[in-house]
Amino acid sequence: ARERLTRTTEARRLLIDHPLATIGAARDISSQILLAERGATLPAEDLLAIKDTLVSARELARLFEKISPEYPRLSSIAQPLPPPPGLIEAISRVFSDSGEVLDSASDKLRTIRRELKSAFDRLISKLEHLINDPHTSAVLQEPIYTLRNGRYVLPVRAENKSKLKGLTHDQSSSGATLFIEPLALVDLNNRWLELQMAEQEEIRRILAELSALVGAQTSRLQALLRALAALDLAFACARYAEQLHACEPILGAFPAETGNQPIVKLILARHPLLDPESVVPIDVALEKGTHALVITGPNTGGKTVTLKTVGLLALMSQSGLHIPAQSGSQICLFRNIFADIGDEQSIEQSLSTFSSHITNIVRIIKNIHRTTLVLLDELGAGTDPQEGSALARSILTFLLARKVPCLIATHYPELKAFAHSSPGVMNASVEFDLQTLRPTYHLMMGLPGRSNALSIAQRLGLPQEIILGARELINPADLR
């Protein structure tokens, strides 16, 4: 994972210093290489794709020859890039830029095409002579010649069929016109068609020869293709990092091996799919012996986004992607990341919803370990609040006893108190602005979310007598 992160960092520098660096017109030619190895004759478009890929690899190889000391990891990947000698030139000798087989592809092809042109000229000359001959033109529907079944013919009026000796190849839909090949054209048409077949046979031979050259270099071409794919990935990661304004995270060992190092310490972290200009960044930390974070606060305040941000940034770090957070952010490796993320605002808050959550949690608990990260959204929701709260505290206790890193979003006040009084777990909350009655999306570490219901009700004009009555009904222990 660290190696991949370093590759991304190098690729970002490379694209800044050499913005035109690219894999160019390279394509995935792995299937074509395997076909050639098995003796298949590749069509022209496949051979041209191979040539374009090799040209792109050659350009990149030349670039890395000049800059290798500055980019050691990418240069190491690029070592297999130089194409096999002579293969690009061999394909270029055969095809034009538009993909046509050139006369110069072989001496035999040049000779055949010269004879083909001569045969065609003789054929057309004879056709024009017949059209201009008064005896022949008198039987024609119109003074033209055309192709039928690959042979040149004349359009003859059906009633004049007996007046022109030849082979009938077709007739018009009305039956008024027959397309006849005069006997004088048969040998010329035959010669022209024979030379066309000879041309196609020579082209097939040339393509087979080129395909054999490709097949003979299978292992080298596969190594070249793997190098191109690895560089393509590095460039993609680099461009994505630039787009996100991301930074390379400090990647720690597995949580069980970190000692006093933070399990998670994300500074000004942003969800990668949210607009970087408008998103409110958050600071999230599991450090100094803390394994669990209990996040409370209002609906739509950002609790779920916080869970998803941490999970996605952990996965991005392990995949070699830079993360949308400030430099200095740290995160551990996790063997698994488990999430049960639901929506408490669903109109289907019923047994089926609760059962779905519990089914997920059962699966998670069967697989947890100190090297896993667990993300639980609205833990214990969807059922009786008293039972749901007790279940949530019991699940959190179970995870804490096994030192499983976890982030839990909840509305239950009992979990806030539990987090406040239990070692290894910390409170956090998403902030709410009582003036605008809107969430600010800021995450406040160490503070449980306030109960805003009464304050909001008061600001919206609920009589003071009702507000005071409600305050008296709240459990004093919860307020403390």
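Helix H6 buries Leu 109, Ile 112, Arg 113, Leu 116, Ala 119, Leu 123, Ile 124, Leu 127, Leu 130 and Ile 131, where buried means under 20% relative accessible area, exposed over 50% and partly exposed in between, with a 1.4 Å probe and protein chains only. The model is predicted, and local features need pLDDT of at least 70, side-chain atom pairs count only at pLDDT 80 or more, and totals for chains, interfaces and linings use all residues. Residues are numbered from 1 along each chain as its sequence is written, and side-chain values use heavy atoms, with hydrogens and water left out. Helices (H or I, at least four residues) and strands (E, at least two) are DSSP runs numbered from the N terminus.

H6 has 26 residues and spans 38 Å from its first C-alpha to its last, close to the 38 Å expected at 1.5 Å a residue; the expected span is 1.5 Å times one less than the number of residues. Its buried residues pack against helix H7 (134-137), S2, S4 and H8, with contact taken as heavy atoms within 4.5 Å.

We turn next to the sheet. Its 4 strands form an open sheet in the order S1-S2-S4-S3, with antiparallel pairing; two strands pair if DSSP finds at least two bridges between them. Strand S1 (146-148) and strand S3 (166-171) are the edge strands, each pairing on one side only. On average, neighbouring strands of this sheet are turned by 50 degrees against each other, direction ignored. Axes here are lines fitted to C-alpha atoms, for helices over the stretch in contact, and angles run from 0 to 180 degrees between N-to-C directions. S3 and strand S4 (residues 177-182) pair in the antiparallel sense over 5 bridges, and Asp 170 has Phe 179 in S4 as its bridge partner. Helix H6 (residues 107-132) packs on the sheet, touching strand S2 (151-157) and S4, and its direction makes about 10 degrees with that of S2. Helix H8 (residues 183-215) also packs on the sheet, touching S1, S2, S3 and S4, with its direction at about 75 degrees to that of S4.

Two further sites complete the account. Lys 303 lies in helix H10 (residues 303-318) and counts as buried because its relative accessibility is 4%. Not counting residues up to four places away in sequence, Lys 303 touches several residues, among them Glu 378, Thr 410 and His 411. Ala 325 lies in the loop between H10 and strand S9 (330-332) and is buried, with a relative accessible area of 5%. Leaving aside neighbours within four places in sequence, Ala 325 is in contact with Cys 247, Ile 267, Leu 268, Ala 269, Arg 270 and Leu 313.
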